[in-house]
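Hello,

Here is the structure I promised to pass on.

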Amino acid sequence: MTRPRAARLGRIAVLALPSVIVLAATGITTGVAAAVQEQSIRAGVAEQVHGVASSLADLPEVQDAVASVLAAGTDGDLADAVDLADATAALQPIASLVEDASGVSYVVVTDDEGVRITHPDPDERGELVETTTTQVLEGQEFVGTETGPSGPTLRAKVPIVDASGEVIGMVAVGVLESTIAADRERALGGLLPWSIGALLVATLASVTLSVAIARRLRRADAVDAESTQMRRTTDALREQAHEFGTRLHVVRGLVAQDQGDDAVAYIDAVAPGLGRTPGEPPRRGAVAMATLEAVRGELDAHGTSLELHVDEQVALDDDVLLVLANLCRNAAEAGATIVRCTLDAHDGVMTMMVEDDGPGVDPGDAHRIFARGWSTRSDASGVGRGVGLDVVRRTVADRGGSVVVGRSALGGARFDVDMAVPS
(Lines give C-alpha, C1' and ligand atoms only; values in the text may rest on other atoms or scores of the structure.)
Protein backbone atom coordinates (compact mmCIF):
# COMPACT_ATOMS: atom_id res chain seq x y z
CA MET A 1 0.00 0.00 0.00
CA THR A 2 1.42 3.36 -1.06
CA ARG A 3 1.86 6.13 1.47
CA PRO A 4 -0.70 8.52 -0.18
CA ARG A 5 -3.32 5.76 -0.24
CA ALA A 6 -2.59 4.87 3.37
CA ALA A 7 -2.87 8.56 4.27
CA ARG A 8 -6.25 8.82 2.52
CA LEU A 9 -7.56 5.73 4.26
CA GLY A 10 -6.30 7.06 7.59
CA ARG A 11 -8.05 10.37 6.95
CA ILE A 12 -11.33 8.63 6.07
CA ALA A 13 -11.03 6.59 9.26
CA VAL A 14 -10.49 9.76 11.30
CA LEU A 15 -13.54 11.44 9.72
CA ALA A 16 -15.74 8.34 10.16
CA LEU A 17 -14.55 7.65 13.70
CA PRO A 18 -16.94 10.10 15.46
CA SER A 19 -19.98 8.59 13.68
CA VAL A 20 -18.83 5.06 14.45
CA ILE A 21 -18.34 5.99 18.10
CA VAL A 22 -21.81 7.58 18.22
CA LEU A 23 -23.48 4.54 16.66
CA ALA A 24 -21.62 2.14 18.92
CA ALA A 25 -22.25 4.20 22.05
CA THR A 26 -25.95 4.64 21.27
CA GLY A 27 -26.39 0.96 20.41
CA ILE A 28 -24.61 -0.18 23.55
CA THR A 29 -26.49 2.30 25.71
CA THR A 30 -29.84 1.24 24.23
CA GLY A 31 -28.98 -2.43 24.68
CA VAL A 32 -27.89 -1.91 28.27
CA ALA A 33 -30.99 0.18 29.01
CA ALA A 34 -33.25 -2.49 27.48
CA ALA A 35 -31.54 -5.21 29.51
CA VAL A 36 -31.81 -3.17 32.71
CA GLN A 37 -35.46 -2.41 31.90
CA GLU A 38 -36.25 -6.09 31.38
CA GLN A 39 -34.45 -7.03 34.59
CA SER A 40 -36.37 -4.34 36.44
CA ILE A 41 -39.69 -5.56 35.03
CA ARG A 42 -38.99 -9.17 36.00
CA ALA A 43 -37.82 -8.14 39.46
CA GLY A 44 -40.99 -6.08 39.90
CA VAL A 45 -43.21 -8.96 38.77
CA ALA A 46 -41.40 -11.40 41.09
CA GLU A 47 -41.88 -9.02 43.99
CA GLN A 48 -45.53 -8.54 43.03
CA VAL A 49 -46.48 -12.24 42.85
CA HIS A 50 -44.59 -13.01 46.04
CA GLY A 51 -46.31 -10.19 47.88
CA VAL A 52 -49.78 -11.27 46.70
CA ALA A 53 -49.12 -14.93 47.56
CA SER A 54 -47.77 -14.05 51.03
CA SER A 55 -50.73 -11.77 51.77
CA LEU A 56 -53.25 -14.45 50.78
CA ALA A 57 -51.41 -17.15 52.74
CA ASP A 58 -51.68 -14.97 55.86
CA LEU A 59 -55.38 -14.15 55.31
CA PRO A 60 -57.56 -15.80 58.04
CA GLU A 61 -60.38 -16.54 55.58
CA VAL A 62 -57.92 -18.48 53.39
CA GLN A 63 -56.45 -20.37 56.33
CA ASP A 64 -59.93 -21.29 57.67
CA ALA A 65 -61.25 -22.46 54.29
CA VAL A 66 -58.17 -24.63 53.64
CA ALA A 67 -58.25 -26.04 57.19
CA SER A 68 -61.87 -27.09 56.64
CA VAL A 69 -60.87 -29.59 53.92
CA LEU A 70 -57.84 -31.15 55.62
CA ALA A 71 -59.73 -34.42 56.06
CA ALA A 72 -61.14 -34.41 52.52
CA GLY A 73 -58.25 -36.34 51.08
CA THR A 74 -55.00 -38.20 51.81
CA ASP A 75 -51.81 -39.00 49.93
CA GLY A 76 -53.35 -42.27 48.82
CA ASP A 77 -56.82 -40.90 48.15
CA LEU A 78 -56.67 -37.31 46.89
CA ALA A 79 -59.63 -35.03 47.23
CA ASP A 80 -61.52 -34.02 44.09
CA ALA A 81 -63.56 -31.01 43.05
CA VAL A 82 -66.65 -32.31 44.84
CA ASP A 83 -64.75 -32.84 48.09
CA LEU A 84 -63.35 -29.29 47.83
CA ALA A 85 -66.56 -27.60 46.63
CA ASP A 86 -67.31 -25.72 49.87
CA ALA A 87 -63.73 -24.39 50.12
CA THR A 88 -63.80 -23.44 46.43
CA ALA A 89 -67.07 -21.58 46.92
CA ALA A 90 -65.49 -19.60 49.76
CA LEU A 91 -62.08 -18.90 48.13
CA GLN A 92 -62.68 -18.57 44.37
CA PRO A 93 -64.40 -15.14 44.69
CA ILE A 94 -61.43 -13.93 46.74
CA ALA A 95 -58.95 -15.33 44.19
CA SER A 96 -60.81 -13.76 41.26
CA LEU A 97 -61.01 -10.41 43.04
CA VAL A 98 -57.26 -10.47 43.77
CA GLU A 99 -56.50 -11.41 40.14
CA ASP A 100 -58.49 -8.43 38.86
CA ALA A 101 -57.19 -6.01 41.48
CA SER A 102 -53.49 -6.93 41.28
CA GLY A 103 -53.23 -7.70 37.55
CA VAL A 104 -51.77 -11.19 38.05
CA SER A 105 -52.63 -13.98 35.62
CA TYR A 106 -53.90 -16.44 38.19
CA VAL A 107 -54.29 -17.18 41.90
CA VAL A 108 -54.30 -20.85 42.92
CA VAL A 109 -54.96 -22.16 46.43
CA THR A 110 -54.30 -25.88 47.15
CA ASP A 111 -54.89 -28.27 50.03
CA ASP A 112 -52.10 -30.04 51.93
CA GLU A 113 -51.63 -32.59 49.09
CA GLY A 114 -51.33 -29.91 46.36
CA VAL A 115 -54.80 -30.34 44.89
CA ARG A 116 -56.19 -27.10 43.46
CA ILE A 117 -59.05 -25.52 45.40
CA THR A 118 -59.13 -22.41 43.15
CA HIS A 119 -58.10 -21.79 39.55
CA PRO A 120 -59.27 -19.41 36.79
CA ASP A 121 -60.15 -22.47 34.67
CA PRO A 122 -62.93 -24.48 36.39
CA ASP A 123 -61.67 -27.68 34.75
CA GLU A 124 -58.39 -27.38 36.67
CA ARG A 125 -60.09 -27.22 40.08
CA GLY A 126 -59.77 -30.49 41.99
CA GLU A 127 -56.66 -31.41 39.94
CA LEU A 128 -53.18 -31.99 41.37
CA VAL A 129 -50.67 -29.22 40.73
CA GLU A 130 -48.16 -30.40 38.08
CA THR A 131 -45.21 -28.24 39.08
CA THR A 132 -43.12 -27.68 42.22
CA THR A 133 -45.11 -28.52 45.35
CA THR A 134 -43.01 -30.78 47.59
CA GLN A 135 -40.63 -28.14 48.93
CA VAL A 136 -43.48 -25.63 49.39
CA LEU A 137 -45.64 -28.12 51.31
CA GLU A 138 -42.58 -28.74 53.47
CA GLY A 139 -42.55 -25.06 54.41
CA GLN A 140 -40.21 -23.45 51.80
CA GLU A 141 -41.21 -20.63 49.51
CA PHE A 142 -40.53 -20.75 45.74
CA VAL A 143 -40.14 -17.97 43.16
CA GLY A 144 -39.29 -18.79 39.54
CA THR A 145 -40.53 -19.55 36.03
CA GLU A 146 -42.47 -22.76 35.39
CA THR A 147 -44.85 -24.04 32.73
CA GLY A 148 -48.33 -24.96 33.88
CA PRO A 149 -51.80 -25.22 32.30
CA SER A 150 -51.78 -21.49 31.50
CA GLY A 151 -48.34 -21.59 29.89
CA PRO A 152 -44.90 -20.35 31.02
CA THR A 153 -45.32 -18.08 34.04
CA LEU A 154 -43.18 -16.27 36.57
CA ARG A 155 -44.75 -17.50 39.81
CA ALA A 156 -44.43 -17.44 43.58
CA LYS A 157 -45.58 -20.27 45.86
CA VAL A 158 -46.01 -19.66 49.57
CA PRO A 159 -47.06 -22.30 52.18
CA ILE A 160 -50.25 -21.77 54.20
CA VAL A 161 -49.47 -22.36 57.87
CA ASP A 162 -52.11 -22.78 60.63
CA ALA A 163 -51.89 -21.46 64.16
CA SER A 164 -49.92 -24.54 65.31
CA GLY A 165 -47.26 -24.02 62.60
CA GLU A 166 -48.37 -26.92 60.42
CA VAL A 167 -48.44 -26.53 56.62
CA ILE A 168 -52.04 -27.05 55.52
CA GLY A 169 -51.79 -25.88 51.89
CA MET A 170 -50.21 -23.33 49.60
CA VAL A 171 -50.95 -20.25 47.55
CA ALA A 172 -49.51 -19.96 44.00
CA VAL A 173 -49.66 -16.64 42.19
CA GLY A 174 -48.26 -16.17 38.66
CA VAL A 175 -47.93 -13.78 35.74
CA LEU A 176 -47.68 -15.15 32.20
CA GLU A 177 -44.31 -14.71 30.46
CA SER A 178 -46.27 -13.36 27.47
CA THR A 179 -47.58 -10.59 29.71
CA ILE A 180 -44.03 -9.80 30.87
CA ALA A 181 -42.88 -9.74 27.24
CA ALA A 182 -45.65 -7.31 26.35
CA ASP A 183 -44.64 -5.05 29.25
CA ARG A 184 -41.03 -5.22 28.05
CA GLU A 185 -42.04 -4.27 24.50
CA ARG A 186 -44.06 -1.33 25.79
CA ALA A 187 -41.11 -0.17 27.88
CA LEU A 188 -38.78 -0.58 24.92
CA GLY A 189 -41.25 1.36 22.77
CA GLY A 190 -41.02 4.20 25.25
CA LEU A 191 -37.23 3.98 25.28
CA LEU A 192 -36.68 3.89 21.49
CA PRO A 193 -37.85 7.47 20.76
CA TRP A 194 -35.34 8.77 23.28
CA SER A 195 -32.62 6.56 21.80
CA ILE A 196 -33.43 7.67 18.26
CA GLY A 197 -33.50 11.31 19.37
CA ALA A 198 -30.15 10.90 21.10
CA LEU A 199 -28.78 9.18 18.00
CA LEU A 200 -29.91 12.03 15.74
CA VAL A 201 -28.47 14.70 18.02
CA ALA A 202 -25.21 12.80 18.45
CA THR A 203 -24.98 12.14 14.69
CA LEU A 204 -25.44 15.84 13.95
CA ALA A 205 -22.75 16.61 16.50
CA SER A 206 -20.39 14.00 15.01
CA VAL A 207 -21.00 15.30 11.48
CA THR A 208 -20.24 18.83 12.68
CA LEU A 209 -17.09 17.53 14.32
CA SER A 210 -16.12 15.62 11.17
CA VAL A 211 -16.59 18.73 9.05
CA ALA A 212 -14.44 20.72 11.47
CA ILE A 213 -11.76 18.01 11.37
CA ALA A 214 -11.93 17.89 7.55
CA ARG A 215 -11.40 21.66 7.39
CA ARG A 216 -8.43 21.41 9.70
CA LEU A 217 -7.00 18.55 7.63
CA ARG A 218 -7.40 20.54 4.41
CA ARG A 219 -5.77 23.51 6.08
CA ALA A 220 -2.96 21.24 7.28
CA ASP A 221 -2.58 19.87 3.74
CA ALA A 222 -2.27 23.39 2.37
CA VAL A 223 0.31 24.27 5.00
CA ASP A 224 2.19 21.03 4.32
CA ALA A 225 2.18 21.67 0.57
CA GLU A 226 3.42 25.20 1.12
CA SER A 227 6.09 23.91 3.50
CA THR A 228 7.16 21.27 0.98
CA GLN A 229 7.43 23.86 -1.76
CA MET A 230 9.38 26.18 0.52
CA ARG A 231 11.70 23.33 1.48
CA ARG A 232 12.32 22.52 -2.19
CA THR A 233 12.99 26.18 -2.94
CA THR A 234 15.35 26.40 0.04
CA ASP A 235 17.21 23.28 -1.09
CA ALA A 236 17.56 24.71 -4.58
CA LEU A 237 18.86 28.01 -3.20
CA ARG A 238 21.34 26.19 -0.96
CA GLU A 239 22.64 24.22 -3.92
CA GLN A 240 22.90 27.35 -6.03
CA ALA A 241 24.77 29.10 -3.19
CA HIS A 242 27.14 26.14 -3.01
CA GLU A 243 27.71 26.16 -6.77
CA PHE A 244 28.14 29.93 -6.72
CA GLY A 245 30.83 29.61 -4.05
CA THR A 246 32.71 27.13 -6.22
CA ARG A 247 32.42 29.42 -9.25
CA LEU A 248 33.76 32.36 -7.23
CA HIS A 249 36.81 30.31 -6.24
CA VAL A 250 37.52 29.61 -9.93
CA VAL A 251 37.13 33.29 -10.85
CA ARG A 252 39.39 34.25 -7.96
CA GLY A 253 41.99 31.76 -9.15
CA LEU A 254 41.93 33.12 -12.70
CA VAL A 255 42.21 36.69 -11.46
CA ALA A 256 45.01 35.77 -9.05
CA GLN A 257 46.95 34.27 -12.00
CA ASP A 258 46.49 37.50 -13.95
CA GLN A 259 44.27 35.77 -16.51
CA GLY A 260 41.58 38.43 -16.73
CA ASP A 261 40.41 37.49 -20.21
CA ASP A 262 39.85 33.90 -19.13
CA ALA A 263 38.05 35.12 -16.01
CA VAL A 264 35.68 37.28 -18.09
CA ALA A 265 35.14 34.45 -20.56
CA TYR A 266 34.42 32.07 -17.69
CA ILE A 267 31.88 34.48 -16.21
CA ASP A 268 30.21 34.85 -19.62
CA ALA A 269 30.05 31.05 -19.89
CA VAL A 270 28.40 30.46 -16.53
CA ALA A 271 26.22 33.62 -16.66
CA PRO A 272 25.67 34.40 -20.35
CA GLY A 273 23.10 37.10 -19.64
CA LEU A 274 25.75 39.40 -18.17
CA GLY A 275 27.80 39.82 -21.37
CA ARG A 276 26.72 42.22 -24.07
CA THR A 277 28.13 40.04 -26.87
CA PRO A 278 29.26 36.41 -26.72
CA GLY A 279 33.04 36.10 -26.55
CA GLU A 280 35.56 33.29 -26.85
CA PRO A 281 35.18 30.48 -24.28
CA PRO A 282 37.81 30.35 -21.53
CA ARG A 283 40.81 28.12 -22.08
CA ARG A 284 40.10 24.69 -20.63
CA GLY A 285 43.49 24.34 -19.02
CA ALA A 286 43.28 27.76 -17.46
CA VAL A 287 39.94 26.96 -15.78
CA ALA A 288 41.27 23.63 -14.53
CA MET A 289 44.40 25.18 -13.09
CA ALA A 290 42.40 28.01 -11.52
CA THR A 291 39.99 25.53 -9.97
CA LEU A 292 42.84 23.45 -8.52
CA GLU A 293 44.57 26.55 -7.19
CA ALA A 294 41.28 27.73 -5.68
CA VAL A 295 40.84 24.36 -3.95
CA ARG A 296 44.43 24.48 -2.73
CA GLY A 297 43.92 28.01 -1.38
CA GLU A 298 40.68 27.04 0.37
CA LEU A 299 42.42 24.05 2.01
CA ASP A 300 45.32 26.27 3.07
CA ALA A 301 42.82 28.51 4.84
CA HIS A 302 41.77 25.44 6.89
CA GLY A 303 45.39 24.51 7.63
CA THR A 304 45.18 21.54 5.28
CA SER A 305 47.82 20.59 2.70
CA LEU A 306 46.78 19.15 -0.67
CA GLU A 307 48.75 16.35 -2.37
CA LEU A 308 47.52 16.07 -5.95
CA HIS A 309 48.55 13.38 -8.48
CA VAL A 310 46.83 13.64 -11.87
CA ASP A 311 47.57 11.23 -14.73
CA GLU A 312 48.17 13.01 -18.04
CA GLN A 313 45.35 10.94 -19.57
CA VAL A 314 42.77 12.51 -17.26
CA ALA A 315 40.61 15.24 -18.76
CA LEU A 316 39.85 17.76 -16.00
CA ASP A 317 36.35 18.65 -17.20
CA ASP A 318 33.71 20.46 -15.14
CA ASP A 319 32.27 17.26 -13.59
CA VAL A 320 35.68 15.94 -12.52
CA LEU A 321 36.65 19.31 -11.05
CA LEU A 322 33.30 19.64 -9.27
CA VAL A 323 33.64 16.20 -7.62
CA LEU A 324 37.29 16.80 -6.72
CA ALA A 325 36.62 20.24 -5.23
CA ASN A 326 33.72 19.05 -3.10
CA LEU A 327 35.52 15.98 -1.76
CA CYS A 328 38.62 18.02 -0.86
CA ARG A 329 36.57 20.78 0.73
CA ASN A 330 34.58 18.20 2.73
CA ALA A 331 37.79 16.60 4.05
CA ALA A 332 39.23 19.97 5.11
CA GLU A 333 36.02 20.99 6.87
CA ALA A 334 36.01 17.64 8.69
CA GLY A 335 39.39 18.50 10.27
CA ALA A 336 41.93 16.78 8.03
CA THR A 337 45.48 18.17 7.86
CA ILE A 338 46.46 16.20 4.76
CA VAL A 339 44.28 15.48 1.71
CA ARG A 340 45.75 13.20 -0.96
CA CYS A 341 44.07 13.02 -4.38
CA THR A 342 44.97 10.57 -7.15
CA LEU A 343 43.29 10.68 -10.58
CA ASP A 344 43.82 8.04 -13.31
CA ALA A 345 42.15 7.15 -16.59
CA HIS A 346 42.06 3.82 -18.41
CA ASP A 347 39.65 1.99 -20.72
CA GLY A 348 37.33 4.99 -20.93
CA VAL A 349 36.89 5.27 -17.14
CA MET A 350 38.27 8.01 -14.91
CA THR A 351 39.06 6.89 -11.37
CA MET A 352 39.60 9.22 -8.44
CA MET A 353 40.78 8.41 -4.92
CA VAL A 354 40.54 11.11 -2.24
CA GLU A 355 41.84 10.20 1.20
CA ASP A 356 42.66 12.20 4.33
CA ASP A 357 43.95 11.89 7.88
CA GLY A 358 40.81 13.30 9.49
CA PRO A 359 38.41 11.58 11.90
CA GLY A 360 36.97 9.40 9.14
CA VAL A 361 33.36 8.32 8.64
CA ASP A 362 31.49 6.32 11.25
CA PRO A 363 30.51 2.98 9.61
CA GLY A 364 27.02 3.51 10.98
CA ASP A 365 26.74 6.73 8.97
CA ALA A 366 28.31 5.44 5.74
CA HIS A 367 24.92 4.69 4.15
CA ARG A 368 23.54 8.19 4.69
CA ILE A 369 26.41 10.67 4.30
CA PHE A 370 25.42 11.29 0.66
CA ALA A 371 21.86 12.29 1.65
CA ARG A 372 20.98 15.94 1.13
CA GLY A 373 21.19 17.95 4.35
CA TRP A 374 23.20 15.34 6.29
CA SER A 375 26.19 16.77 8.14
CA THR A 376 28.07 16.22 11.39
CA ARG A 377 28.80 19.95 11.69
CA SER A 378 26.47 22.72 12.83
CA ASP A 379 25.35 25.31 10.28
CA ALA A 380 26.87 28.60 11.43
CA SER A 381 26.18 30.28 8.08
CA GLY A 382 22.47 29.72 8.14
CA VAL A 383 22.39 28.70 4.45
CA GLY A 384 22.41 24.97 5.19
CA ARG A 385 24.99 22.20 5.15
CA GLY A 386 25.06 18.68 3.73
CA VAL A 387 25.07 19.83 0.08
CA GLY A 388 28.58 18.92 -1.19
CA LEU A 389 28.39 15.13 -0.91
CA ASP A 390 24.87 15.14 -2.39
CA VAL A 391 26.26 17.08 -5.38
CA VAL A 392 29.07 14.52 -5.67
CA ARG A 393 26.62 11.62 -5.65
CA ARG A 394 24.38 13.12 -8.33
CA THR A 395 27.25 14.26 -10.55
CA VAL A 396 28.89 10.82 -10.47
CA ALA A 397 25.55 9.08 -11.08
CA ASP A 398 24.87 11.32 -14.11
CA ARG A 399 28.14 10.09 -15.58
CA GLY A 400 27.19 6.43 -14.97
CA GLY A 401 29.69 6.06 -12.15
CA SER A 402 29.78 5.26 -8.48
CA VAL A 403 31.31 6.58 -5.28
CA VAL A 404 32.30 4.40 -2.29
CA VAL A 405 33.44 5.52 1.15
CA GLY A 406 35.88 3.57 3.26
CA ARG A 407 38.93 3.86 5.57
CA SER A 408 42.02 5.68 4.38
CA ALA A 409 45.63 4.52 4.78
CA LEU A 410 46.20 7.95 6.35
CA GLY A 411 43.71 7.06 9.10
CA GLY A 412 40.76 9.13 7.92
CA ALA A 413 38.13 8.77 5.20
CA ARG A 414 38.70 7.48 1.69
CA PHE A 415 36.39 8.10 -1.28
CA ASP A 416 36.80 5.97 -4.42
CA VAL A 417 35.10 7.44 -7.48
CA ASP A 418 34.77 6.14 -11.01
CA MET A 419 33.14 8.01 -13.90
CA ALA A 420 32.87 7.40 -17.63
CA VAL A 421 35.10 9.55 -19.78
CA PRO A 422 32.97 11.62 -22.21
CA SER A 423 33.27 10.47 -25.80
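Arg219 sits in helix α5, residues 177-256. Helices here are DSSP runs of H or I with at least four residues, and strands are runs of E with at least two, numbered from the N terminus. Arg219 is exposed because its relative accessibility is 53%. Exposed means over 50% relative accessible area, buried under 20%, partly exposed in between (1.4 Å probe, protein chains only).

This is a predicted model: local features need pLDDT of at least 70, side-chain atom pairs count only at pLDDT 80 or more, and totals for chains, interfaces and linings use all residues. Residues are numbered from 1 along each chain as its sequence is written, and side-chain values use heavy atoms, with hydrogens and water left out.

Patch residues have over 30% relative accessible area and no salt bridge, with like charges joined within 9 Å and nonpolar side chains (Val, Leu, Ile, Met, Phe, Trp, Tyr) within 5 Å. A salt bridge puts a side-chain nitrogen of Lys or Arg within 4 Å of a carboxyl oxygen of Asp or Glu.

There is a negative surface patch too: Asp121, Asp123, Glu127 and Glu130. Glu130 lies in the loop between β1 (106-110) and α4 (134-137). At 60% relative accessible area, Glu130 is exposed.

Now the cysteines. The whole structure has 0 disulfides (cysteine sulfur pairs within 2.5 Å). The sulfur of Cys328 has its closest cysteine sulfur in Cys341, 3.3 Å away, so the two are too far apart for a bond. Cys328 is buried, at 0% relative accessibility. Cys341 is also buried, at 0%.

Best wishes

How values were computed. Areas by Shrake-Rupley, 256 points an atom, 1.4 Å probe, with all protein chains shown as cover. Lys, Arg positive; Asp, Glu negative; His and termini not counted. Charge placed at Lys NZ, Arg CZ, Asp CG, Glu CD.
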